[in-house]
Amino acid sequence: MPLFANLAGCGNSGNPGDSGSAGGPVQGGDSPSSPVDSGSSPSSPVDSGDSITPARVFVHPGLLHTEADFTRMREKVAAGAQPWVDGWNALTRSSRTNLGTPNPQATIIRGGDGENFRIMVEDMLRAYQGALRWKVSGDTTYADKVVTYLDAWSSTMTTLTGNADRFLAAGIYGYQWANAAEIMRTYEGWSAPGIARFQQWLLDIFYPLSHDFLLKHNGADITNYWANWDLCSLCNILAIGVFCDRADLYDEAMAYYRNTGRGNGAAAHAVYCWHPGHFGQWQESGRDQGHATLGIALTGPLCEMAWNQGDDLYGFDNNRFLAGAEYVAKSNLLDPNGVPYQVPFSRYVNRQGTMTAVSTAGQPAQRRCWEMVYNHYVNRQGLSAPWVAQMAAALRPETDQWNGDQPSMGTLTFSRDAIPAGAAPSGLTAHMAGANVVLSWWGGAYATSYQVQRASAAAGPFATIGTVTDLRTWTDTPGNGAWYYRVVALASNSTQVGADTVRVALPTELRALLPLNEGGGSTAADASGLGNAGTLATGASWGSGRVAGSALALDGKSGHLALPTGVLAGLGDFTIAVWVYWNAASTNTRVFDFGSSDIAYLALIPRDGGGRLRCSITGTMWYGEQTIAADAPLATGRWVHLAVTLAGSLGTLYVDGAAVASNPSITFAPFQLGATTQNWLGRSQYAADPCFNGRMQDLRICSGALDAGQVAALAV
């Protein structure tokens, strides 16, 4: 039984979301024969003014490969060591290292009439593979020939165009051109004017398209374009930033991926949600496996290039990329019976439709992109990545691939000696779900099993409550009380206690308690002692309280209360309760809205477009909202107590202490939103929605779900 089926193609014009035919404008207002203009000078960043950030000093070569990497390759090949020799043989057998003669074109078109981008792809791959042969063998014949390719294209090509696929071309091929050039910048046979011309070529032709795409997404709905569109753009911008010594471009890519990106390639959206055992559901897994693996083939280089400049995107957000890579790898491996492994799947809805399971299209996909991921997490960091490891082993040595979606040759370029000792368990998380505590952690490279331990005090003593082997998750039902957990890794000759200890209190515990009765000043104090005080924004003040004293007053224009970043971080089951007085009804205003943008949030809406009071949580804008909705809107002109609880998958909405609506299928808990940065009372993540006009008092946020009697007691 073969391990894999054929690899699905990347970015074909017929694929939904990968061309304008799937929703947004196909041509973006451009004719196929004219270049795309970002609306600014292409050699200066659109969104950072006229200045260029001078502070960062880049490492060169420092994109996919450093000088230390090339030294390792040379030494291992010279010593006849495996798997480097197999990797070297894969390179020397590639017909593309015969180089030949460059075939530069003035105009390259991807998508639409006159498509000719394969001409450029062939020369791009020849340049990269030729550069590798030079660096490993020392034969300057290859270096001289590669320089002719780089010079020919940078002095000839003036236009990159086509339908929406032009953005894919800019991203996927721009970053690979930059990588070939980054290797060659150390060759004394490439002239300074030649290097400068190539830098300007990347800045003028490739960067503007990727920059414009991240800003405007071709004029389409933000969820129309799948993760790989953002990710190739990010790779391109970051790579050009390094090669051109442009810190502003580098920072643009880093900020989008980590913090500011609204599109599906930002870290928080590319891995849509966490499943137990730190399995991260990939954004394109419900689409097809060719594109899901393409996401790995693009995120890996993004992380590696940043790593070589001293920034750890691999480890960002508790190894979020590894969570996604493990998920995609397992999805594309076959069990001993020749059947694809099953992985959990959370319903995913966006502009493209509703997905309820991992797609079998293109499954299992054979994309040679795993050595980079495996060698970083296992042989650099000492972590356990069993599914990535299986995938890398199955495809070793990584050879040349026709499609040009990734550079290939990863066995030669990324293989590392096995790390002497695995890492201790790390990244331990605990989420309440009903009476259960669900634990997940990262394991060590050589661990054979894990002991899950629990204590009633932070200092212990800890008792082992279970042992697992092939999983990195445990579900406990400890009963009421405050509990502390840790994980111990067992290997053949060692025992490692995890550095993390997590605390969970059942059945409930205050996360924040804001009386909202200060009567003056710009701060709303947190009486829980946990430091979650709020800040009054312009238009927020103090008014009359419910019984006596004062209450937070919001003007319905701009007034709102901002709570700290991460106020809901880590919450599974929860309770949020507050007293409100709504002066006048308006559609789609907010009682509260916790999120980081209009993509992912938890919001309580007193009157939606259907005239309902509802609470919704989503990771994909309004498309994916999971909702608890009452039949009527919030009353105006009187004080009303509102509460929302989540217990396992049961969400309940209360008005004046009585349950008015419930939904037993809420599968997206607040911890999936991460450490949200825009946590507001009275303001929506959607800028066009009106602010709340009225007053609020006694905000309570709890871990765990209060029961009906406890909610009723708050409403007195």
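Okay, let's start inside: the lining of the second largest cavity splits into 9 nonpolar residues, 3 polar ones and no charged ones. For those classes, nonpolar covers Ala, Val, Leu, Ile, Met, Phe, Trp, Tyr, Cys and Pro, charged covers Asp, Glu, Lys and Arg, and everything else, Gly among them, is polar.

Before going on, what are we looking at? This is a predicted model, where local features need pLDDT of at least 70 and side-chain atom pairs count only at pLDDT 80 or more, while totals for chains, interfaces and linings use all residues. Residue numbers run from 1 along each chain as its sequence is written, and side-chain values use heavy atoms, with hydrogens and water left out.

Now, the word cavity. Take a 1 Å grid over the protein atoms alone: a cavity is a set of points where a 1.4 Å probe fits but cannot get out, a pocket is an open set with protein on both sides within 12 Å along at least five of seven lines, and lining residues have an atom within 4 Å of a point. Points are joined across faces, edges and corners, and the volume is the space filled by probe spheres set on them.

Back to that second largest cavity, which holds about 70 Å³ of space. Its lining includes Phe574, Leu602, Cys615, Ile617 and Gln626. Three strands, β24 (614-618), β25 (626-629) and β26 (639-647), each give at least two lining residues, and β26 has the largest share, with 3. When I say strand or helix, I mean DSSP runs numbered from the N terminus: H or I over at least four residues for helices, E over at least two for strands.

How many cavities of 30 Å³ or more are there? The count comes to 5. The largest cavity has about 120 Å³ of space. It is lined by 19 residues, and the closest to its centre are Arg368, Cys369, Met372, Pro407 and Phe414. Here helices show up: α10 (289-307), α12 (370-380) and α14 (410-414) each supply at least two lining residues. The lining of the largest cavity has 12 nonpolar, 4 polar and 3 charged residues.

Next, an open space. The second largest pocket has a volume of about 420 Å³. There are 22 residues lining this pocket, with Ser384, Ala385, Pro386, Asp470 and Arg472 closest to its centre. The elements giving two or more residues to its lining are α12 and α13 (386-394), with the largest share, 4 residues, coming from α13. By class, the lining of this pocket is 13 nonpolar, 6 polar and 3 charged.

Let's move to helix α6. It has 25 residues, 192-216, and at 1.5 Å a residue it should span 36 Å; the end C-alpha atoms are 35 Å apart, so that agrees. The expected span is 1.5 Å times one less than the number of residues. Still, α6 has a kink of about 40° at Tyr207, shortly before the proline Pro208. A bend like that is the angle between axes fitted to the seven residues ending at a residue and the seven starting there.

What caps the N-terminal end of α6? That's Ser191, with a side-chain oxygen 3.0 Å from the backbone nitrogen of Gly194. After α6 comes His217, with a positive phi near 50°. In the loop between α6 and α7 (227-243) sits Asn218, not a glycine, yet with a positive phi of about 60°. Asn218 has a relative accessible area of 5%, so it counts as buried; buried means under 20%, exposed over 50% and partly exposed in between, using a 1.4 Å probe and protein chains only.

Asn318 is another non-glycine with positive phi, about 55°, but this one is in helix α11 (residues 316-331). At 25%, Asn318 is partly exposed. For context, most residues other than glycine have a negative phi, and most peptide bonds are trans.

Speaking of peptide bonds, His60 and Pro61 are joined by a cis one, omega about -10°, with Pro61 in the segment before α1 (67-78). Leu506 and Pro507 are also joined by a cis bond, omega about 5°, and Pro507 lies in the loop between β14 (502-506) and β15 (509-514).

Last stop: Gln685, in the loop between β29 (678-681) and β30 (693-703). Its relative accessibility is 8%, so Gln685 is buried. The Gln685 side chain makes a polar contact with the Gln678 side chain, at 2.7 Å. A polar contact is a pair of N or O atoms within 3.5 Å; within protein, one must be able to donate a hydrogen and the other to accept it, and residues adjacent in sequence count only if both atoms are side-chain atoms.
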